[in-house]
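Take a walk through this protein with the structure open beside you.

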Amino acid sequence: MGNDAPQFPPEFAAALDAVRAVDVRPEMSLIEAPAPAKLAPYAAAVAATVEVDGVEMARGRLVLLHDPDGHEAWVGTMRLVTYFRTELEAELVTDPVLPEVAWGWLARALTDNGVALTAGSGTVTRVQSQGFGELAESDEPEGEVEVRASWCPVDDLTAHVQAWLDALCAAAGLPPADPEVRALHGRVR
């Protein structure tokens with residue numbers, strides 16, 4: 001009887017284990033998702049949603065890329081690529097400091113989790129929608145902000161994934177989790 005499990009390089013297999021080991025808050029769901037096939041020889045992804053009282057507050061995706069030969073732009077063999085987004089009240093979308101605040105969710109989470117990284121970059125996009133015609137009567141103006149970023153993890157990948165989850169919770173408006181309280185459920189499915 002043969003082993004049909006895919007064979008991964010040890011560094012990528014350890015990275016997958018680190019992603020699966022992360023603690024997830026009760027307001028979050030985290031599932032393995034399809035990864036882009038052409039960005040690196042090895043890739044995996046997780047998708048996350050933050051819900052409070054049945055209302056989706058934020059959602060995002062984290063992709064782990066691995067090229068055993070390295071990649072010049074990455075400055076390493078691993079790369080994390082993410083996006084996360086949340087809806088906002090329309091007036092917040094036009095606030096001139098919104099991009100810095102949204103980028104700060106990720107920057108602060110990475111710092112708070114004590115991670116080291118190289119080759120970090122990203123963008124913040126804001127969108128404001130206004131209904132017209134029949135939608136004008138029923139829809140209030142809406143807004144959304146999306147953070148896209150990528151970086152090369154230097155140390156413990158679990159801390160990087162935890163930082164991403166913390167940034168997603170900050171985008172959803174949740175207070176920081178109490179480090180003394182550990183989740184009993186919510187592992188990556």
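Start with Glu32, which is partly exposed at 40% relative accessibility. In this predicted model, the side chain of Glu32 meets that of Arg20 in a salt bridge, with N and O 2.8 Å apart. Glu32 belongs to strand β1 (residues 28–33) and Arg20 to helix α1 (residues 10–20), so the bridge ties together parts that are 12 residues apart in sequence. Arg20 is partly exposed too, with a relative accessible area of 37%.

How many salt bridges are there by this rule? The count comes to 6. Another one joins the side chains of Glu27 and Arg25, at 3.2 Å from N to O. Here Glu27 is partly exposed, with a relative accessible area of 26%. Arg25 has a relative accessible area of 16%, and it is buried because the cut-off for that is under 20%.

Now find Glu144 and Arg59. They form a salt bridge whose closest N and O atoms are 3.3 Å apart. Glu144 sits in strand β6 (residues 142–153) and Arg59 in strand β3 (residues 55–71), so this pair ties together parts that are 85 residues apart in sequence. Arg59 is partly exposed, at 24% relative accessibility.

Next, look at Arg79 in strand β4 (residues 76–89). This arginine is buried, yet it has no salt bridge. Which side chain of opposite charge is nearest to Arg79? That is Asp67, and it is 12 Å away. A salt bridge needs the nitrogen and the oxygen within 4 Å.

What does the side chain of Arg79 meet instead? One of its polar atoms lies 2.7 Å from the backbone oxygen of Ala119. The side chains of Arg79 and Ser150 are joined by a polar contact of 2.6 Å. Leaving out residues up to four places away in sequence, Arg79 also touches several others, including Val63, Leu65, Trp74, Thr118 and Trp151.

Most residues other than glycine have a negative phi. Val75 also has a positive phi, near 60°. You will find Val75 in the loop between β3 and β4. Val75 is exposed, with a relative accessible area of 58%.

Turn to the cysteines. Cys152 is among the residues that Arg79 touches. Cys152 is buried, at 2% relative accessibility. Cys169 is buried as well, with a relative accessible area of 2%. How many disulfides does a search of the whole structure find? The search finds 0.

The protein chain averages a pLDDT of 85, and 87% of the residues score at least 70. Confidence is highest in strand β2 (residues 42–52), at 95. It is lowest in helix α4 (residues 134–138), at a mean of 68. Then there are residues 181–189, where pLDDT stays under 50. For residues 181–189 the model has 20 contacts beyond four places in sequence. Where pLDDT is low, predicted coordinates should not be read in detail.

Terms used
Residues are numbered from 1 along each chain as its sequence is written. This is a predicted model: local features need pLDDT of at least 70, side-chain atom pairs count only at pLDDT 80 or more; totals for chains, interfaces and linings use all residues. Side-chain values use heavy atoms; hydrogens and water are left out. Helices (H or I, at least four residues) and strands (E, at least two) are DSSP runs, numbered from the N terminus. Buried means under 20% relative accessible area, exposed over 50%, partly exposed in between (1.4 Å probe, protein chains only). pLDDT is the predictor's confidence in each residue, from 0 to 100. Contact means heavy atoms within 4.5 Å. A disulfide is a pair of cysteine sulfur atoms within 2.5 Å. Lys and Arg count as positive and Asp and Glu as negative; His and the chain ends are not counted. A polar contact is a pair of N or O atoms within 3.5 Å; within protein, one must be able to donate a hydrogen and the other to accept it, and residues adjacent in sequence count only if both atoms are side-chain atoms.
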